[in-house]
Amino acid sequence: MSRGLLIAVCTAIYIFLMLPLVVVFPISLSSAPYMQFPPPGFSTQWYDRYLEDPQWIDATLRSLYVGAATAVLALALGVPLAFALARGRFVGRGLVDRLALAPLIVPTIILSVGLYGLFAKLKLIGEWYGLVVAHTVLALPFVVLVMVAGLRDFDRALEQAAEGLGASRWRTLLRVTLPLLRPSLVSAGLLAFISSFDELVVALFLAGPNMTLPKKMFDNILMEIDPTIAAVSVIQILLVSIVLVLIGRFGRGLQGSAR
Amino acid sequence: MSSRSGWLPATPALVLLFAFFLLPVVRMLGFSLESGTLDWYAKALGEQLYLRVFWNTFEIAVFVTAVCLLLGYPLGFLIATTTPGWATLGFIFVLLPLWTSVLVRTYAWMVLLGRNGVFNRWLIDIGLISDPLPLLHNFTGVLIGMVHVLLPYMVLPIYGAVRRLDPALVAAAEGLGASSWRIFWRIYLPLTLPGIFAGSVIVFVLSLGFFITPALLGGGKVMMVAVLIEQEVRQTLNWPFASALSAVLLVLTLGVYALAQSSTRQEARP
(Lines give C-alpha, C1' and ligand atoms only; values in the text may rest on other atoms or scores of the structure.)
Protein backbone atom coordinates (compact mmCIF):
# COMPACT_ATOMS: atom_id res chain seq x y z
CA MET A 1 0.00 0.00 0.00
CA SER A 2 2.65 2.54 1.03
CA ARG A 3 4.73 1.62 -2.03
CA GLY A 4 1.83 2.71 -4.23
CA LEU A 5 1.57 5.96 -2.30
CA LEU A 6 5.31 6.56 -2.74
CA ILE A 7 5.06 6.01 -6.49
CA ALA A 8 2.07 8.38 -6.71
CA VAL A 9 3.92 11.11 -4.77
CA CYS A 10 7.06 10.68 -6.88
CA THR A 11 5.07 10.84 -10.11
CA ALA A 12 3.76 14.24 -9.00
CA ILE A 13 7.32 15.39 -8.18
CA TYR A 14 8.54 14.19 -11.57
CA ILE A 15 5.76 16.18 -13.25
CA PHE A 16 6.94 19.22 -11.28
CA LEU A 17 10.54 18.60 -12.44
CA MET A 18 9.73 18.02 -16.10
CA LEU A 19 6.85 20.48 -16.61
CA PRO A 20 9.02 23.56 -17.25
CA LEU A 21 11.08 21.62 -19.79
CA VAL A 22 8.01 20.33 -21.59
CA VAL A 23 5.92 23.51 -21.65
CA VAL A 24 8.35 25.43 -23.88
CA PHE A 25 7.87 22.97 -26.76
CA PRO A 26 4.24 23.82 -27.63
CA ILE A 27 4.85 27.55 -27.01
CA SER A 28 7.83 27.58 -29.37
CA LEU A 29 5.59 26.22 -32.15
CA SER A 30 2.74 28.67 -31.53
CA SER A 31 1.18 30.76 -34.29
CA ALA A 32 0.07 33.47 -31.84
CA PRO A 33 1.94 36.80 -32.05
CA TYR A 34 2.46 36.80 -28.28
CA MET A 35 2.62 34.29 -25.44
CA GLN A 36 -0.60 32.31 -25.46
CA PHE A 37 -1.40 28.91 -24.02
CA PRO A 38 -2.63 26.60 -25.36
CA PRO A 39 -1.31 27.77 -28.75
CA PRO A 40 -4.07 28.61 -31.25
CA GLY A 41 -2.20 27.01 -34.14
CA PHE A 42 1.05 25.63 -35.47
CA SER A 43 3.85 27.73 -36.89
CA THR A 44 7.63 27.77 -37.04
CA GLN A 45 7.78 31.58 -37.01
CA TRP A 46 9.74 31.78 -33.73
CA TYR A 47 12.43 29.42 -35.02
CA ASP A 48 12.60 31.48 -38.22
CA ARG A 49 12.96 34.62 -36.19
CA TYR A 50 15.78 33.09 -34.17
CA LEU A 51 17.61 31.83 -37.24
CA GLU A 52 17.21 35.11 -39.12
CA ASP A 53 18.36 37.36 -36.29
CA PRO A 54 22.15 37.84 -36.52
CA GLN A 55 22.23 38.87 -32.83
CA TRP A 56 20.85 35.50 -31.70
CA ILE A 57 23.15 33.56 -34.03
CA ASP A 58 26.13 35.65 -32.98
CA ALA A 59 25.36 35.04 -29.28
CA THR A 60 24.91 31.30 -29.90
CA LEU A 61 28.21 30.98 -31.75
CA ARG A 62 30.04 32.93 -29.06
CA SER A 63 28.62 30.66 -26.34
CA LEU A 64 29.65 27.60 -28.36
CA TYR A 65 33.28 28.62 -28.79
CA VAL A 66 33.62 30.01 -25.29
CA GLY A 67 32.22 26.69 -24.01
CA ALA A 68 34.59 24.65 -26.18
CA ALA A 69 37.63 26.70 -25.14
CA THR A 70 36.56 26.43 -21.49
CA ALA A 71 36.32 22.63 -21.78
CA VAL A 72 39.82 22.42 -23.29
CA LEU A 73 41.41 24.74 -20.72
CA ALA A 74 39.56 23.14 -17.78
CA LEU A 75 40.79 19.69 -18.88
CA ALA A 76 44.35 20.92 -19.47
CA LEU A 77 44.54 22.35 -15.95
CA GLY A 78 42.08 20.10 -14.11
CA VAL A 79 43.37 16.67 -15.15
CA PRO A 80 46.94 17.22 -13.82
CA LEU A 81 45.39 18.77 -10.69
CA ALA A 82 43.23 15.66 -10.21
CA PHE A 83 46.34 13.45 -10.60
CA ALA A 84 48.11 15.46 -7.91
CA LEU A 85 45.10 15.24 -5.60
CA ALA A 86 44.40 11.55 -6.17
CA ARG A 87 47.97 10.24 -6.15
CA GLY A 88 50.33 12.86 -4.80
CA ARG A 89 51.45 13.04 -1.21
CA PHE A 90 52.50 16.56 -0.38
CA VAL A 91 52.14 19.14 2.31
CA GLY A 92 48.95 21.18 1.96
CA ARG A 93 47.09 18.67 -0.19
CA GLY A 94 43.93 19.13 1.88
CA LEU A 95 44.16 22.88 1.32
CA VAL A 96 44.60 22.47 -2.45
CA ASP A 97 41.62 20.12 -2.49
CA ARG A 98 39.44 22.73 -0.78
CA LEU A 99 40.66 25.52 -3.02
CA ALA A 100 39.89 23.48 -6.15
CA LEU A 101 36.29 22.88 -5.03
CA ALA A 102 35.75 26.36 -3.54
CA PRO A 103 34.24 27.86 -6.73
CA LEU A 104 31.25 25.53 -6.18
CA ILE A 105 30.58 26.96 -2.71
CA VAL A 106 31.58 30.64 -3.00
CA PRO A 107 28.54 32.51 -4.39
CA THR A 108 29.09 33.17 -8.11
CA ILE A 109 27.95 36.77 -7.69
CA ILE A 110 30.97 37.43 -5.44
CA LEU A 111 33.43 35.97 -7.96
CA SER A 112 31.68 37.87 -10.77
CA VAL A 113 31.93 41.23 -9.03
CA GLY A 114 35.57 40.54 -8.08
CA LEU A 115 36.51 39.59 -11.65
CA TYR A 116 34.56 42.57 -13.00
CA GLY A 117 36.76 44.90 -10.93
CA LEU A 118 39.97 43.11 -11.90
CA PHE A 119 39.10 42.78 -15.61
CA ALA A 120 38.06 46.43 -15.84
CA LYS A 121 41.57 47.30 -14.70
CA LEU A 122 43.18 44.82 -17.12
CA LYS A 123 40.91 45.99 -20.00
CA LEU A 124 39.57 42.44 -20.41
CA ILE A 125 35.83 43.26 -20.28
CA GLY A 126 34.17 42.07 -23.48
CA GLU A 127 37.10 39.86 -24.49
CA TRP A 128 36.05 36.29 -25.16
CA TYR A 129 39.22 34.82 -23.63
CA GLY A 130 38.57 36.72 -20.39
CA LEU A 131 35.24 34.94 -20.21
CA VAL A 132 36.96 31.61 -20.94
CA VAL A 133 39.36 32.12 -18.03
CA ALA A 134 36.47 32.98 -15.66
CA HIS A 135 34.38 30.03 -16.86
CA THR A 136 37.37 27.73 -16.41
CA VAL A 137 37.53 28.68 -12.72
CA LEU A 138 33.87 27.62 -12.41
CA ALA A 139 34.32 24.43 -14.48
CA LEU A 140 37.45 23.24 -12.67
CA PRO A 141 35.56 21.64 -9.72
CA PHE A 142 33.52 19.46 -12.10
CA VAL A 143 36.65 18.24 -13.86
CA VAL A 144 38.38 17.55 -10.54
CA LEU A 145 35.39 15.67 -9.06
CA VAL A 146 34.93 13.44 -12.12
CA MET A 147 38.65 12.76 -12.63
CA VAL A 148 39.43 12.06 -8.96
CA ALA A 149 36.52 9.57 -8.90
CA GLY A 150 37.89 7.97 -12.10
CA LEU A 151 41.40 7.74 -10.68
CA ARG A 152 40.14 6.22 -7.44
CA ASP A 153 38.64 3.25 -9.32
CA PHE A 154 41.73 2.91 -11.51
CA ASP A 155 43.63 -0.38 -11.38
CA ARG A 156 47.26 0.64 -10.93
CA ALA A 157 48.49 -2.90 -11.62
CA LEU A 158 48.07 -2.07 -15.32
CA GLU A 159 50.52 0.82 -15.03
CA GLN A 160 52.96 -1.31 -13.07
CA ALA A 161 52.73 -3.96 -15.78
CA ALA A 162 53.55 -1.38 -18.48
CA GLU A 163 56.47 -0.01 -16.51
CA GLY A 164 57.63 -3.54 -15.71
CA LEU A 165 57.70 -4.26 -19.44
CA GLY A 166 60.02 -1.31 -19.93
CA ALA A 167 57.69 1.55 -20.85
CA SER A 168 58.79 4.98 -19.71
CA ARG A 169 56.54 6.96 -17.34
CA TRP A 170 55.37 9.23 -20.15
CA ARG A 171 54.70 6.33 -22.47
CA THR A 172 52.72 4.61 -19.71
CA LEU A 173 50.71 7.78 -19.15
CA LEU A 174 49.93 8.31 -22.84
CA ARG A 175 49.40 4.67 -23.87
CA VAL A 176 47.86 3.12 -20.75
CA THR A 177 46.61 5.58 -18.15
CA LEU A 178 44.88 8.23 -20.26
CA PRO A 179 43.20 5.79 -22.70
CA LEU A 180 41.79 3.86 -19.72
CA LEU A 181 40.52 7.11 -18.23
CA ARG A 182 38.77 8.14 -21.44
CA PRO A 183 35.20 7.78 -20.10
CA SER A 184 36.05 10.13 -17.22
CA LEU A 185 37.78 12.56 -19.58
CA VAL A 186 34.72 12.65 -21.87
CA SER A 187 32.35 13.30 -18.95
CA ALA A 188 34.59 15.96 -17.43
CA GLY A 189 35.03 17.81 -20.74
CA LEU A 190 31.32 17.76 -21.60
CA LEU A 191 30.29 18.89 -18.11
CA ALA A 192 32.80 21.75 -18.34
CA PHE A 193 31.31 22.68 -21.71
CA ILE A 194 27.70 22.71 -20.44
CA SER A 195 28.63 24.64 -17.30
CA SER A 196 30.08 27.41 -19.48
CA PHE A 197 27.38 27.25 -22.17
CA ASP A 198 24.64 27.80 -19.54
CA GLU A 199 26.50 30.30 -17.37
CA LEU A 200 24.86 33.70 -16.91
CA VAL A 201 26.08 35.57 -13.83
CA VAL A 202 29.76 35.88 -14.77
CA ALA A 203 28.83 36.66 -18.39
CA LEU A 204 26.46 39.40 -17.21
CA PHE A 205 29.43 41.25 -15.75
CA LEU A 206 32.30 40.30 -18.07
CA ALA A 207 30.80 39.92 -21.55
CA GLY A 208 30.43 43.67 -22.05
CA PRO A 209 28.62 44.49 -25.29
CA ASN A 210 29.33 41.01 -26.67
CA MET A 211 26.34 38.81 -25.93
CA THR A 212 26.53 35.21 -24.91
CA LEU A 213 23.39 33.12 -25.39
CA PRO A 214 22.35 33.19 -21.69
CA LYS A 215 22.97 36.95 -21.49
CA LYS A 216 20.91 37.61 -24.61
CA MET A 217 18.13 35.42 -23.17
CA PHE A 218 18.26 37.24 -19.82
CA ASP A 219 17.92 40.64 -21.50
CA ASN A 220 15.02 39.41 -23.65
CA ILE A 221 13.20 37.90 -20.67
CA LEU A 222 13.57 41.15 -18.74
CA MET A 223 12.19 43.14 -21.65
CA GLU A 224 9.32 41.02 -22.91
CA ILE A 225 8.01 37.50 -22.87
CA ASP A 226 8.44 36.82 -26.55
CA PRO A 227 8.02 33.23 -27.80
CA THR A 228 11.40 33.52 -29.58
CA ILE A 229 12.80 32.67 -26.13
CA ALA A 230 10.73 29.47 -26.16
CA ALA A 231 12.31 28.47 -29.48
CA VAL A 232 15.79 29.22 -28.12
CA SER A 233 14.91 27.25 -24.98
CA VAL A 234 13.90 24.21 -27.03
CA ILE A 235 17.16 24.38 -28.97
CA GLN A 236 19.11 24.61 -25.72
CA ILE A 237 17.21 21.70 -24.11
CA LEU A 238 17.87 19.54 -27.20
CA LEU A 239 21.57 20.46 -27.20
CA VAL A 240 21.97 19.59 -23.52
CA SER A 241 20.06 16.32 -24.06
CA ILE A 242 22.47 15.39 -26.86
CA VAL A 243 25.43 16.13 -24.58
CA LEU A 244 23.89 14.00 -21.80
CA VAL A 245 23.32 11.15 -24.26
CA LEU A 246 26.99 11.46 -25.31
CA ILE A 247 28.03 11.27 -21.66
CA GLY A 248 25.81 8.23 -21.14
CA ARG A 249 27.21 6.53 -24.24
CA PHE A 250 30.92 7.40 -24.09
CA GLY A 251 31.43 8.86 -20.64
CA ARG A 252 31.52 7.70 -17.10
CA GLY A 253 28.09 7.47 -15.46
CA LEU A 254 26.84 10.73 -13.98
CA GLN A 255 25.80 8.95 -10.82
CA GLY A 256 29.45 8.19 -10.21
CA SER A 257 30.45 11.81 -10.49
CA ALA A 258 27.70 12.98 -8.17
CA ARG A 259 28.85 10.94 -5.23
CA MET B 1 52.56 9.72 -12.82
CA SER B 2 53.51 8.44 -9.46
CA SER B 3 53.54 10.10 -6.10
CA ARG B 4 57.09 11.25 -6.82
CA SER B 5 55.76 14.16 -8.87
CA GLY B 6 54.02 15.54 -5.77
CA TRP B 7 52.40 18.92 -6.14
CA LEU B 8 54.01 19.76 -9.50
CA PRO B 9 51.06 18.76 -11.77
CA ALA B 10 48.76 20.93 -9.64
CA THR B 11 50.78 24.09 -10.34
CA PRO B 12 49.06 25.42 -13.52
CA ALA B 13 45.59 25.04 -11.98
CA LEU B 14 46.78 26.65 -8.76
CA VAL B 15 48.16 29.64 -10.69
CA LEU B 16 44.75 30.07 -12.34
CA LEU B 17 42.92 29.78 -9.01
CA PHE B 18 45.24 32.29 -7.32
CA ALA B 19 45.13 34.84 -10.15
CA PHE B 20 41.46 34.60 -11.15
CA PHE B 21 39.70 33.31 -8.05
CA LEU B 22 41.49 34.25 -4.82
CA LEU B 23 43.02 37.51 -6.03
CA PRO B 24 39.85 39.12 -7.47
CA VAL B 25 37.72 38.05 -4.51
CA VAL B 26 40.19 39.24 -1.86
CA ARG B 27 40.88 42.46 -3.80
CA MET B 28 37.16 43.20 -4.06
CA LEU B 29 36.54 42.46 -0.38
CA GLY B 30 39.31 44.97 0.41
CA PHE B 31 37.24 47.85 -1.02
CA SER B 32 34.95 47.75 2.02
CA LEU B 33 37.88 48.62 4.30
CA GLU B 34 39.54 51.29 2.14
CA SER B 35 38.03 54.10 4.21
CA GLY B 36 39.89 52.72 7.21
CA THR B 37 36.64 52.30 9.15
CA LEU B 38 33.92 49.68 9.43
CA ASP B 39 31.25 52.16 8.31
CA TRP B 40 30.11 50.08 5.32
CA TYR B 41 29.64 47.05 7.55
CA ALA B 42 27.69 49.17 10.01
CA LYS B 43 25.44 50.19 7.10
CA ALA B 44 25.01 46.59 5.84
CA LEU B 45 24.24 45.14 9.26
CA GLY B 46 22.80 48.18 11.04
CA GLU B 47 20.24 49.68 8.71
CA GLN B 48 16.78 48.17 8.83
CA LEU B 49 16.46 48.06 5.04
CA TYR B 50 19.58 45.95 4.48
CA LEU B 51 19.11 43.79 7.54
CA ARG B 52 15.75 42.87 6.05
CA VAL B 53 17.42 41.71 2.84
CA PHE B 54 19.69 39.39 4.84
CA TRP B 55 16.73 38.12 6.83
CA ASN B 56 14.73 37.57 3.60
CA THR B 57 17.63 35.63 2.10
CA PHE B 58 17.94 33.48 5.20
CA GLU B 59 14.19 32.84 5.35
CA ILE B 60 14.01 31.85 1.68
CA ALA B 61 17.02 29.54 2.09
CA VAL B 62 15.32 27.81 5.06
CA PHE B 63 12.04 27.36 3.15
CA VAL B 64 13.77 26.14 -0.02
CA THR B 65 15.79 23.61 2.00
CA ALA B 66 12.69 22.34 3.82
CA VAL B 67 10.65 21.92 0.62
CA CYS B 68 13.59 20.28 -1.20
CA LEU B 69 13.92 17.79 1.66
CA LEU B 70 10.19 17.04 1.63
CA LEU B 71 10.24 16.37 -2.12
CA GLY B 72 13.78 15.02 -2.41
CA TYR B 73 13.51 12.25 0.16
CA PRO B 74 10.71 10.27 -1.50
CA LEU B 75 12.41 10.71 -4.87
CA GLY B 76 15.87 9.63 -3.72
CA PHE B 77 14.30 6.78 -1.78
CA LEU B 78 12.28 5.52 -4.76
CA ILE B 79 15.25 5.66 -7.17
CA ALA B 80 17.46 3.82 -4.67
CA THR B 81 14.97 1.02 -4.02
CA THR B 82 13.52 0.38 -7.48
CA THR B 83 14.76 -1.92 -10.29
CA PRO B 84 17.88 -0.81 -12.24
CA GLY B 85 15.82 0.01 -15.33
CA TRP B 86 13.43 2.33 -13.49
CA ALA B 87 16.33 3.81 -11.56
CA THR B 88 18.06 4.84 -14.81
CA LEU B 89 14.86 6.48 -16.02
CA GLY B 90 14.42 8.15 -12.64
CA PHE B 91 17.96 9.51 -12.84
CA ILE B 92 17.43 10.89 -16.33
CA PHE B 93 14.39 12.85 -15.15
CA VAL B 94 16.40 14.30 -12.26
CA LEU B 95 19.56 15.05 -14.27
CA LEU B 96 17.90 16.50 -17.37
CA PRO B 97 16.49 19.49 -15.43
CA LEU B 98 19.77 19.78 -13.49
CA TRP B 99 21.73 20.35 -16.70
CA THR B 100 19.09 22.46 -18.45
CA SER B 101 19.91 26.15 -18.34
CA VAL B 102 18.54 27.89 -15.24
CA LEU B 103 17.38 30.65 -17.58
CA VAL B 104 15.28 28.29 -19.69
CA ARG B 105 13.63 26.91 -16.56
CA THR B 106 13.05 30.34 -15.06
CA TYR B 107 11.45 31.53 -18.30
CA ALA B 108 9.24 28.44 -18.32
CA TRP B 109 8.08 29.16 -14.77
CA MET B 110 7.19 32.70 -15.80
CA VAL B 111 5.03 31.23 -18.55
CA LEU B 112 3.44 28.75 -16.14
CA LEU B 113 2.90 31.01 -13.13
CA GLY B 114 2.07 34.42 -14.64
CA ARG B 115 -1.27 36.21 -14.22
CA ASN B 116 -2.33 34.94 -17.63
CA GLY B 117 -0.10 31.92 -17.31
CA VAL B 118 -0.89 28.30 -17.89
CA PHE B 119 -1.84 27.51 -14.26
CA ASN B 120 -4.13 30.47 -13.71
CA ARG B 121 -5.89 29.92 -17.05
CA TRP B 122 -6.43 26.30 -16.24
CA LEU B 123 -7.68 26.94 -12.69
CA ILE B 124 -10.12 29.56 -13.99
CA ASP B 125 -11.26 27.28 -16.81
CA ILE B 126 -12.14 24.44 -14.48
CA GLY B 127 -13.91 26.95 -12.25
CA LEU B 128 -11.75 26.52 -9.16
CA ILE B 129 -10.93 30.23 -8.92
CA SER B 130 -12.39 33.38 -10.48
CA ASP B 131 -9.41 35.73 -10.15
CA PRO B 132 -5.85 34.77 -11.05
CA LEU B 133 -3.70 33.74 -8.10
CA PRO B 134 -0.56 35.82 -7.46
CA LEU B 135 2.11 33.17 -8.17
CA LEU B 136 4.78 35.31 -9.81
CA HIS B 137 6.85 38.28 -8.62
CA ASN B 138 6.48 37.21 -5.00
CA PHE B 139 7.81 34.79 -2.39
CA THR B 140 5.83 31.85 -3.85
CA GLY B 141 7.30 32.30 -7.33
CA VAL B 142 10.87 32.55 -6.06
CA LEU B 143 10.33 29.51 -3.83
CA ILE B 144 8.96 27.36 -6.68
CA GLY B 145 11.75 28.41 -9.06
CA MET B 146 14.54 27.82 -6.54
CA VAL B 147 13.19 24.45 -5.38
CA HIS B 148 13.12 23.37 -9.01
CA VAL B 149 16.77 24.34 -9.51
CA LEU B 150 18.06 22.88 -6.23
CA LEU B 151 15.99 19.69 -5.86
CA PRO B 152 18.52 17.47 -7.70
CA TYR B 153 21.23 18.48 -5.20
CA MET B 154 19.03 17.02 -2.45
CA VAL B 155 18.01 13.86 -4.34
CA LEU B 156 21.56 12.68 -5.15
CA PRO B 157 23.01 12.48 -1.59
CA ILE B 158 19.77 10.93 -0.24
CA TYR B 159 19.89 8.35 -3.02
CA GLY B 160 23.49 7.58 -2.03
CA ALA B 161 22.57 7.20 1.66
CA VAL B 162 19.67 4.81 0.94
CA ARG B 163 21.90 2.75 -1.38
CA ARG B 164 24.58 2.37 1.29
CA LEU B 165 22.07 0.97 3.76
CA ASP B 166 22.36 -2.77 4.33
CA PRO B 167 19.18 -4.42 2.90
CA ALA B 168 19.58 -7.26 5.44
CA LEU B 169 18.46 -4.82 8.17
CA VAL B 170 15.20 -4.16 6.34
CA ALA B 171 14.69 -7.86 5.63
CA ALA B 172 15.26 -8.69 9.29
CA ALA B 173 12.77 -6.06 10.44
CA GLU B 174 10.20 -7.35 7.94
CA GLY B 175 10.80 -10.91 9.10
CA LEU B 176 10.15 -9.84 12.67
CA GLY B 177 6.82 -8.34 11.61
CA ALA B 178 7.56 -4.59 11.60
CA SER B 179 5.17 -2.45 9.53
CA SER B 180 6.57 -0.43 6.61
CA TRP B 181 6.07 2.84 8.52
CA ARG B 182 7.94 1.42 11.49
CA ILE B 183 10.75 0.26 9.22
CA PHE B 184 10.94 3.74 7.75
CA TRP B 185 11.05 5.52 11.13
CA ARG B 186 13.33 3.08 12.91
CA ILE B 187 15.72 2.01 10.14
CA TYR B 188 15.68 4.14 6.99
CA LEU B 189 15.36 7.58 8.56
CA PRO B 190 18.08 7.27 11.23
CA LEU B 191 20.52 5.51 8.92
CA THR B 192 20.08 7.98 6.05
CA LEU B 193 20.51 11.05 8.26
CA PRO B 194 24.02 11.74 6.87
CA GLY B 195 22.55 11.96 3.35
CA ILE B 196 19.72 14.21 4.54
CA PHE B 197 22.26 16.41 6.29
CA ALA B 198 24.63 16.60 3.29
CA GLY B 199 21.79 17.45 0.89
CA SER B 200 20.32 20.08 3.22
CA VAL B 201 23.67 21.79 3.73
CA ILE B 202 24.44 22.04 0.01
CA VAL B 203 20.92 23.28 -0.83
CA PHE B 204 20.99 25.84 1.98
CA VAL B 205 24.46 27.13 1.09
CA LEU B 206 23.64 27.41 -2.62
CA SER B 207 20.33 29.18 -1.80
CA LEU B 208 22.12 31.94 0.10
CA GLY B 209 23.97 33.12 -3.02
CA PHE B 210 21.13 32.72 -5.54
CA PHE B 211 20.80 35.40 -8.19
CA ILE B 212 19.00 34.48 -11.45
CA THR B 213 15.79 33.04 -10.01
CA PRO B 214 15.05 35.84 -7.49
CA ALA B 215 16.07 38.46 -10.08
CA LEU B 216 13.53 37.19 -12.63
CA LEU B 217 10.78 35.47 -10.61
CA GLY B 218 10.94 37.99 -7.75
CA GLY B 219 10.28 40.85 -10.15
CA GLY B 220 12.07 43.37 -7.91
CA LYS B 221 9.75 42.60 -5.00
CA VAL B 222 11.71 39.76 -3.42
CA MET B 223 15.15 41.07 -2.56
CA MET B 224 17.97 38.63 -1.88
CA VAL B 225 21.56 39.55 -1.03
CA ALA B 226 22.99 38.52 -4.42
CA VAL B 227 20.45 40.69 -6.26
CA LEU B 228 21.28 43.63 -3.97
CA ILE B 229 25.02 43.20 -4.63
CA GLU B 230 24.42 43.23 -8.39
CA GLN B 231 22.37 46.43 -8.11
CA GLU B 232 24.99 48.14 -5.95
CA VAL B 233 27.72 47.37 -8.50
CA ARG B 234 25.90 47.86 -11.79
CA GLN B 235 23.34 50.55 -10.97
CA THR B 236 24.46 52.48 -7.88
CA LEU B 237 28.19 51.93 -8.57
CA ASN B 238 28.72 51.78 -4.81
CA TRP B 239 31.69 49.41 -4.78
CA PRO B 240 32.64 49.70 -1.09
CA PHE B 241 29.10 48.86 -0.01
CA ALA B 242 28.79 45.96 -2.49
CA SER B 243 32.11 44.76 -1.13
CA ALA B 244 30.87 44.84 2.48
CA LEU B 245 27.67 43.00 1.49
CA SER B 246 29.77 40.38 -0.34
CA ALA B 247 32.00 39.92 2.69
CA VAL B 248 29.00 39.29 4.96
CA LEU B 249 27.45 36.88 2.43
CA LEU B 250 30.77 35.04 2.05
CA VAL B 251 31.27 34.70 5.81
CA LEU B 252 27.71 33.36 6.20
CA THR B 253 28.13 30.88 3.33
CA LEU B 254 31.55 29.58 4.35
CA GLY B 255 30.54 29.62 8.03
CA VAL B 256 27.52 27.36 7.48
CA TYR B 257 29.59 25.10 5.25
CA ALA B 258 32.53 24.82 7.67
CA LEU B 259 30.21 24.20 10.61
CA ALA B 260 28.48 21.39 8.72
CA GLN B 261 31.79 19.90 7.58
CA SER B 262 33.24 19.77 11.09
CA SER B 263 30.11 18.19 12.58
CA THR B 264 29.94 15.46 9.91
CA ARG B 265 33.61 14.70 10.40
CA GLN B 266 33.03 14.02 14.08
CA GLU B 267 30.08 11.74 13.33
CA ALA B 268 31.50 9.92 10.34
CA ARG B 269 34.77 8.79 11.88
CA PRO B 270 34.13 5.57 13.76
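The model is predicted. The predictor assigns the complex an ipTM of 0.89 and a pTM of 0.90. For chain B, the average pLDDT is 90. A score of at least 70 is reached by 96% of the residues in that chain.

Chain B is helical in its secondary structure, with 13 helices and zero strands. Its C-alpha atoms fill a box of roughly 70 × 70 × 35 Å along the principal axes. The chain has 270 residues, and 42% of them are buried.

The largest nonpolar core holds 159 residues. Those with the most contacts inside it include Leu115(A), Val143(A), Val144(A) and Leu150(B). Helix H6 (residues 128-152) of chain A gives the most to this core, with 15 residues. Contacts of Leu150(B) were examined beyond four places in sequence. This residue touches Val64(B), Cys68(B), Val203(B), Leu206(B) and Ser207(B).

Two helices of chain A illustrate a crossing. The axes of helix H2 (residues 45-52) and helix H12 (residues 228-250) come within 8 Å and cross at roughly 80°. Angles of 65 to 115 degrees count as roughly perpendicular, so H2(A) and H12(A) are roughly perpendicular to each other. From H2(A), the residues in this contact are Trp46(A), Tyr47(A), Arg49(A) and Tyr50(A). They meet Thr228(A), Ala230(A), Ala231(A) and Val232(A) in H12(A). By type, the residues of this contact are six nonpolar, one polar and one charged.

Helix H12 of chain A also takes part in the packing of helix H11. Helix H11 spans residues 213-223 of chain A. Its buried residues are Leu213(A), Pro214(A), Lys215(A), Lys216(A), Met217(A) and Phe218(A). Within chain A, these buried residues pack against helix H3 (54-87), helix H10 (201-206) and H12. They also pack against helix H5 (102-113) of chain B.

Note on methods
Residues numbered from 1 in each chain as written. Chains lettered and ligands numbered in written order. Predicted model: local features only at pLDDT ≥ 70, side-chain atom pairs only at ≥ 80, totals over all residues. Core = buried A, V, L, I, M, F, W, Y, C linked by C-beta atoms within 7 Å. Buried ≥ 20, exposed ≤ 12 C-beta atoms within 10 Å, placed from the backbone. Helix = DSSP H or I, 4+ residues; strand = E, 2+ residues; numbered from the N terminus. Contact = placed C-beta atoms within 7 Å. pLDDT = per-residue confidence, 0-100. Axes fitted to C-alpha atoms, helices over the stretch in contact; angles between N-to-C directions. Parallel < 35°, antiparallel > 145°, perpendicular 65-115°, else oblique. Nonpolar A, V, L, I, M, F, W, Y, C, P; charged D, E, K, R; others polar.
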